[in-house]
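I have not seen it before and would like a plain account.

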Amino acid sequence: MSNSSIFSAEDQLYMSLALREAARGLYGTMPNPRVGCVIVKNGQIVGRGAHLKAGEPHAEVHALRMAGELAQGADVYVTLEPCSHFGRTPPCADALLKAGVRRVVAAMQDPNPLVAGNGLQRLAQHGISVASGLMEAEARALNQGFISRMSRQRPWLRSKIAASLDGRTGLHNGESKWITGSPARQHVQQWRAQSCAILTGVGTVLADDPLLTVRDEQLLTARHGVQPYRVIVDSRLRTPCSAAILQTERVLIAHAQQLPQQEAALRASGAELLHLPDQAGTVDMAALLQALAERQVNEVLVEAGAALNGSLLSAGLVDELLLYYAPVLLGSAARGMFAIPALESMQQKLHLQVLETRQVGSDWFVHAKPVV
């Protein structure tokens, strides 16, 4: 096993195809990682597959079934190290051994530090040539949430904000629908669909009464009909039992104060409650993210106001920013994007790395991440 193997142009090609297979599971594999596999023999692809749903066969098994007897002596390209343990399905490493493959190339090792390398080591011990590290950056990008949950014990968190060109998210009276156009809102549906949970604050619930669901039928079908968790940060349990979000399933309310009457009413409305106070009497956001990770949440999309976005950013909990700018101006009295303490020096300004910019309808999408 080597991470410094020299890979050929053919290796690159077949791994890129395996990554394309993995992307088929973008919306439906949670809490599992997105994995693709391609099997090659004598320069011909004889099997390919993707993991599409937790509890169903992994990518390697789909590819092996397609290859049949041709898998014997073949090369296998897989975007994540084959598993070596029994979960909901048997170990893929054993399936590859049984098929008699010649070589296994993994884009990356398993991010779980308790099992990293075990699958490849098991294969190597049985005489199979193994290597890892081919197109690892691309493989990691597909599974940032799973990697984050395994290595940091918290999900990967993205904040989505729709704003005017002067950085305003709503009028001073709270009106905010709609700053951006329909194409931008449809684009957000894709981010919702690939997220395990959507996080908002009680202020947004009170002001907008949102559902925060995946409304695109094709995307929801790709999620096997399962809506993301909706998570409300509500320190004083001000969420009304009549809120639209409570008319749906999988709603979690994180609170700081203990108010038995409101707690009972919200539970009766179908919500799950989590008491997570910090020393300031508000919700401990780091503890909330850890609790979500324990619920196997890989990716969180934040759709909230300036207060929650500001607290998450100040706490260093934001991994990416999804910023949609409309070509309008709302003025200095309108609401801002981040409520953060006043900066006293330009040395304190928060730096961002811009990953992508592009036009979406008449709006502009800026994909960035904080520089830490």
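The model is a predicted one. Lys 160 forms a salt bridge with Glu 303, and the closest N and O atoms of the pair are 3.5 Å apart. Because Lys 160 lies in strand 6 and Glu 303 in the loop between strand 11 (299–302) and helix 12, the bridge ties together parts of the chain that are 143 residues apart in sequence. Glu 303 is buried as well, at 9% relative accessibility.

Side chains of opposite charge can pair when their charged atoms come close. How many salt bridges does a search of the whole structure find? The search finds 17.

Another of these pairs joins Arg 154 and Asp 319, with 3.8 Å from N to O. This pair also links distant parts of the chain, 165 residues apart: Arg 154 sits in the loop between helix 6 (144–152) and strand 6 (156–164), and Asp 319 in the loop between helix 12 (306–314) and strand 12 (320–326). Are Arg 154 and Asp 319 buried or exposed? Both are buried.

The salt bridge between Arg 140 and Glu 136 is a local one within a helix. Its closest N and O atoms are 3.8 Å apart. The two residues are 4 apart in helix 5 (residues 136–142), so about one helical turn separates them. Arg 140 is partly exposed, with a relative accessible area of 37%, and Glu 136 is also partly exposed, at 32%. Elsewhere, a network of salt bridges links Asp 11, Asp 75, Arg 102 and Arg 103.

Strand 6, where Lys 160 lies, belongs to an open sheet of 9 strands. In what order do the strands of this sheet run? The order is 10-9-8-7-11-6-12-14-13, and the pairing is mixed. Strand 10 (272–275) and strand 13 (352–360) are the edge strands, each pairing on one side only. From one strand to the next, the twist averages 20 degrees.

Which residues does Tyr 324 contact, leaving aside its neighbours within four places in sequence? Among them are Lys 160, Ile 161, Ala 162 and Ala 163, along with Thr 180, Ala 184, Val 188, Trp 191, Trp 364 and Phe 365. His 187 is a further contact, and the side chains of Tyr 324 and His 187 make a polar contact at 2.6 Å.

The last stop is a set of annotated positions. The UniProt record, an unreviewed entry, gives the annotation "binding site" to His 58, Cys 83 and Cys 92. Although these residues are spread over 35 residues of sequence, they cluster in space, and the largest C-alpha distance is 9.3 Å.

Cys 83 lies in the loop between strand 3 (75–78) and helix 3 (92–99), while Cys 92 is found in helix 3. Cys 83 is buried, with a relative accessible area of 11%, and Cys 92 is buried at 1%. Not counting residues up to four places away in sequence, Cys 92 touches His 58, Glu 60, Val 61, Pro 82 and Cys 83. With the corresponding neighbours left aside, Cys 83 is in contact with residues including His 58, Glu 60 and Cys 92.

Definitions and conventions
Residues numbered from 1 in each chain as written. Predicted model: local features only at pLDDT ≥ 70, side-chain atom pairs only at ≥ 80, totals over all residues. Heavy atoms only, no water. Salt bridge = Lys/Arg side-chain N within 4 Å of Asp/Glu carboxyl O. Buried < 20%, exposed > 50% of the residue type's maximum accessible area, 1.4 Å probe, protein only. UniProt positions renumbered as here; feature names shortened; annotations may be inferred. Contact = heavy atoms within 4.5 Å. Pairing = 2+ DSSP bridges. Axes fitted to C-alpha atoms, helices over the stretch in contact; angles between N-to-C directions. Polar contact = N/O pair within 3.5 Å; in protein donor to acceptor, adjacent residues only side chain to side chain.
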